Structures are given as structure tokens and as C-alpha cells.
Amino acid sequence: MDIVLQQLVNGLTLGSVYGLIAIGYTMVYGIIGMINFAHGDVYMVSAYITAIALALLTFFGIESFPIILVGTLFLTVAVTGAYGWVIERIAYRPLRSSSRLSVLISAIGMSLILQNYVQLSQGANQQGVPTLLTGALRFHVGDGFVQITYMKLLILFISILGMGVLTYVIQKTKLGRMCRATQQDRKMASILGIDTDKVISTVFVIGAVMAALAGVLVTLDYGAFDFYVGFIIGIKAFTAAVLGGIGSLPGAMLGGLILGLSEALFAGLISSDYKDVFSFSLLVLILIVRPSGLLGKPEVEKV
Amino acid sequence: MSNAVVRKTLISLAIASAATLAQADVVIGVAGPHTGAYAAFGEQLWKGAEKAAADINAAGGVNGEMIKLVKADDACEPKQAVSVANRLVDSDGALAVVGHFCSSSSIPASKIYEEAGVIMVTPASTNPTLTDQGLPNVFRVCGRDDQQGDVAASYIVDKLKAKRIAVIHDKDTYGKGLADAMKSTLNSYGVKEVMYEGLTRGEKDFNALITKIRSVDADVVYFGGLHSEAGPLVRQLREQGSKAIFISGDGIVSDEFVSVAGSPKYVDGVLMTFGAPPTSYPSGKKVIQEFRDSGYEPEGYTLYSYTAMQVAVAALANNNLDPIKGAKWLKTHSVDTVMGKKDFDDKGDLTVSDYVMYEWDAQGKYHVVE
């Protein structure tokens, strides 16, 4: 019993990280119909910025964990957001009116550029950051115990907070209305006076910011990263976005949670060798029953 | 003939002879993961080979020819290993190769070297298949995973007297091969592992797997794989409150293991099998001192790489730079190296295996377990 509960906790935290990254894929797809393959690498860049920010803050002699956390989050989110903006500006905007395929290739190119740039500028070695927050909450269940480390609690808390704020922004604010309008019909939105280019840039920045949140949290938690770390997690987050229905914001979060939970439960209760096989089989099954994902809307051919 | 023409002819003659001189260099490839997640090992290989080549050149080269090293980056990817191996034999004209590092790269590349008649001496690939293929040109100056697995298994059974052993591997040629070797010796002692599972290379979250290790109540976790996965694995193991003894093989012998784990306190007490300290041989004293003087600690595979270079050069030097004859010669002659005298058997393995158990301490250093 305690083991099943522990696996649920493991899956929930892993899933919320997938969800945060999946938001970047789903929002970009929703608004311009492209898959931003460089998104996993934006996450990777944010891991490096986290380490640099940590080094900077400790250099200035700051030692209290809350200040370090807030400072690192702030710096990383700002710089990664800038990366998101620049990437859209140089790799995607010039191709706005060309076919979807060209943008896709441009995205793959961007992904390679980011990986190689980080590898060359930061070195190809494994990087690590020291542990800052230790300790865990333990609940005794029967003979065993279920535990959640404070770091994992922090991951859950910040993920929920980030997703909550984002949902509020999209649903209730003027910016959100502009995003939704652009998503529904870009041409009509621009005729009605919305600067769609600016909206698209904003969406890229939002995606990068969510990836940066995940990057800071995961880097602080696992402590280890390299320039290739964005690949696997990017694929998983993309899967989560498709699972939940690409283009749908709640879908990305739901997809992340389902993917995280299914991986943890399958690895924990059956076999970790085949956990990816299981997750992707689940994806195939869901897409057979619901081709546009769990919460996605079927695409209507625009005439 | 005017002066200018004479001068031009002389210059072009000079250039032509310089070019032939350059071609007469002995080209030796240094193949390994110079980039990628395992680049720390590529660095060790390169440092060792570079120093060996410089020392040999300073002493007059190979039969008067200078050694020219070519760096070949396989990133521990089998496909890339094949393409750099082809490049080394075709366009670089290498006579010998020191490398590769990962067994999953060395095995496919070895066939290309065999076809091209090039000597391959790996400082680090321990998977038994590499020499069991029966290729005449393949040698290694490290041990084999079946020997390494034996040492680990008997340590677990005899010294630790452990009963509940979880065996984890990274599904790669080296990691799984090592885990399987350890497991089969363990089983031959009549001990059955309580768990045998693989994890995915490149992932960082192993919490689900660790909860499972906790649920089977393992008192020893044996991991076949490299430090980039071993670091997060041991850290998350401790974070989940498990006190199981963590044992791994020579895939974690790098300082990076500590930084990837996040803190020396997580690696404290981790055990690993690795060849007898390469720095302990009297014949290596001078080289080690020179390394340290230059500000580099020859850790892990550095001296193995130096040794591999010496073996390759000895084979070429004693056989008029003919690598095919050189490979035959190595099987019947011993070579004096910085790691003592090395003898090879018919397969190209060392005749003496010297695996011992090391332990990592709370300062993040490793030392031999007495």
C-alpha cells in the first residue's frame, strides 16, 4: 500500500514537470500550428542559466535558501524568456508565411544550434549543482512510509501556482483574450486591430517561462544536467501535450500528469525496462479512440 | 633558366618534400567520447595518449618517425563510432587506434579496423564480446566485465554477506553486460537477486525505480552503467531514505560522479570495482610526477590510455610499422609500460586481471578497500 502511494507521489511530481514543459508545445501549436522542436532545448538552456544564477548569487554571499530560490527563479525566467523571444524572432517569424514544413525544419535547426552552442560555450561535461534543500515529509502507512521531499513539495507548489496564474491570464485578462482570438482566427484578429506578431512573441515567451520554471526546479532537485538533457524530457513533454490534446492548455497539464503517473506506476509495479513502451502504447490507444487527444478539439478544415 | 624560375622550382621541391615528410608520420587515432555526456572519459583518454605521444616523440619517435595523433569523436554512439572509424582508416591513414571508450562503440568499430588491418588497443572497453569476436587486431589494456563481475559478486557474498541484492543496469552493452556478469556469478554462489531491471540512459528521474528497490527491501544495489546515471540514482536512493550499499563498476571512475550526485555526502560509502591503482606501478612514477607538475591529476583511464599508446607503438616499432605483423607480435611478446609489464593472450585480453574494490569517501575521493 505504501509503495503504491509512494509511486503516486513520484508520478505526480514527474507529471507536473512534464505538464509545465508541455504548455510551451501546446500554446505554440495552438496559436501558429507548428511544433516547436527547440522547446526541449530551451528547457536545457534554463538548466544552465539556473547553475549560472546560483553561482552568481553565492558569489555575492547570499546564503538563505528562500532568497536564492527567488533570485534564481527570477533570473532564469527572465533570461530564458528572452531566449524564447529571440528564437521566435530569428527562426520562426521570417517564415511566417511559408509552409508549415519550413518552420518545422527551422525548429529542428534551432534545436541543433542551441545544443551545439551550449556544448561549445559551456563544455560537453556533465554539470552539477549542490543540494540546497534537504529533508522530507514522512507519513507512516502500515509498516512502511510514504515520503515527499521538501524539494518535491516545492515542485508541486510552483507548478500548480504557475499553471493557475497562466490559466487566469488566458481566461480573464486582455492579453489572454488576444491570445485566444489569434488562436481562433489569426487573420480576423489582425483585422480587428490585434498585433498578432506581438501576441505570437508573447506566447513564445510564456512557453519559455514555463520551461524555465521546470528547469530551475528540476535542476535544483536532481542536481545533474548536460547539454543533451532537453531531448528526452522534451519528447516526453511533447507526448504529454499530444496526449492531452495539443492546443489545449488544460490538456497539456492533464497529459503531463497522466504520462508521469503511468510511467511511475508501470515502472514501480511492473517493470522499469518497459515503462516507455507502456507510456507510448497508452498514447497510441488514446489517439485511436480520440484522435485529437483527451481535451483537444477536432480540427475543422478552414475554407 | 632565370633566377626566379630556379627559386620557384626549389621552393616547390621543398614544399613537395615537406609534404612527403609529413605523410611519413605515424598516424595514430585516439577515439572516444570527446563530446557528449561522457566527454570526461574522452578527456582522460586524450590526456594520456597526448602525453605518451609527446614522450615517445621526444625520445626519437617510432623508428625515427614522429607520431601524429588524430582525435576521433564517437560521443559513445555506435553509429558515430563506425563513421569515425572509417574516417580514421580511410582519410587519415591511421596505423593504430587507441580507443574507443564505450564497449557499444568499440565493438562495431573493431570490425572496421580489422578489415583495414589496423591495430586497435582500447584502454577502457571491458565488455567480453569485444575480444570474444576473435578479431586478430583487437587488444585491451583493461580487464573484462566477467572478471569485474566476479570480483563484485564475491565481495557481495563473502565480505558484505548480503542476501537481498537488487541488480540495475542502463540497457547499454557495457552496463547490461557488467550487470549480467555480476548476476551470473552471484547466482553460481546460490544467491538469487531480488530484482533485475534496466533504466533509460539520459533520464534523471529514477524515483519510481528506487521506490521499487525500497519495496523489495534490498540491502545491496548493484548498478551496471556510467556515472551520469549512477549519480542521480545514488542521490535519489539516499533521498528516499534507503541505506542499501551501492556498488558499481569502472563506469563511474571520474570526479564528475561526485558533482553529478550533487554532493560528496551522497557518494560516501559507494563501492566500485576498478583495476589496481594505475598510479601504483614503479615504472609510472616519472610520468605521473610530470602529469602532476603540469597541474593534471592522471585519474581514471588516463594512464590506461598512456599504456595503450605504448602497446600500439611497441607493436609498430618492432615490425617496421606493419600493423598486421604488429598484432601477431603482441600475442607472443610482452610490452613494458607505465603500468608494468603487459602480456596478451590469443584473444587480445591481458593475461593477468587485477580488479580490486574501491570505496568513495565523504570527501568525494576513492581509495582501495583494504
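Visitor: Before we start, how are residues numbered, and what pLDDT do local features need?

Guide: Residues count from 1 along each chain as its sequence is written, and chains are lettered from A and ligands numbered from 1 in the order in which they are written. In this predicted model, side-chain atom pairs count only at pLDDT 80 or more and totals for chains, interfaces and linings use all residues, while local features need pLDDT of at least 70.

Visitor: What radius of gyration does chain A have?

Guide: The secondary structure of chain A comes to 11 helices and four strands (DSSP runs numbered from the N terminus: helices are H or I, at least four residues, and strands are E, at least two). Its C-alpha atoms fill a box of roughly 65 × 50 × 35 Å along the principal axes. The globule rule is 2.2 Å times the number of residues to the power 0.38, with the radius taken over C-alpha atoms. For 303 residues a compact globule would come out near 19 Å, and chain A agrees, with 19 Å.

Visitor: Are H5(A) and H8(A) roughly parallel or roughly antiparallel?

Guide: The axes of H5 (150-172) and H8 (196-222) of chain A come within 10 Å and cross at roughly 175° (axes are lines fitted to C-alpha atoms, for helices over the stretch in contact, and angles run from 0 to 180 degrees between N-to-C directions). Under 35 degrees counts as roughly parallel, over 145 as roughly antiparallel, 65 to 115 as roughly perpendicular and the rest as oblique. So H5(A) and H8(A) are roughly antiparallel.

Visitor: How many nonpolar residues does the contact of H5(A) with H8(A) have?

Guide: Contact asks for C-beta atoms, placed from the backbone, within 7 Å. Residues that meet include A:Ile158 and A:Leu166 in H5(A), and A:Met210 and A:Leu213 in H8(A). Nonpolar covers Ala, Val, Leu, Ile, Met, Phe, Trp, Tyr, Cys and Pro; charged is Asp, Glu, Lys and Arg; the others, Gly among them, are polar. By class, there are one polar, two charged and 10 nonpolar residues.

Visitor: Which element of chain B gives the most to the side that touches chain A?

Guide: The contact takes 29 residues from chain A and 31 from chain B. On the chain B side, H2, E7, H8, H9 and H10 each supply at least two residues. With six residues, the one giving the most is H8(B).

Visitor: And which helix gives the most to the side of domain 1 of chain B that touches domain 2?

Guide: An automatic or database assignment sets the bounds: domain 1 is 7-142 + 280-342 and domain 2 is 146-275 + 355-368. Their C-alpha centres lie 31 Å apart, and 14 residues of domain 1 are in contact with 14 of domain 2. H2 and H4 of chain B each supply at least two residues of the domain 1 side. The top contributor, with three residues, is H4(B).

Visitor: Which strands are the edges of the seven-strand sheet in chain B?

Guide: Strands pair if DSSP finds at least two bridges between them. The open sheet runs E7-E6-E8-E9-E10-E13-E14, with mixed pairing. Each edge strand pairs on one side only, and the two are E7 and E14.

Visitor: What is the pairing in the five-strand sheet of chain B?

Guide: H2(B) lies across E1, E2 and E3, at about 170° to E2(B). E4 and E5 of chain B join over three bridges in the parallel sense. Across the open order E2-E1-E3-E4-E5, the pairing is parallel.

Note on methods:
Two residues are in contact if their C-beta atoms, placed from the backbone, lie within 7 Å.
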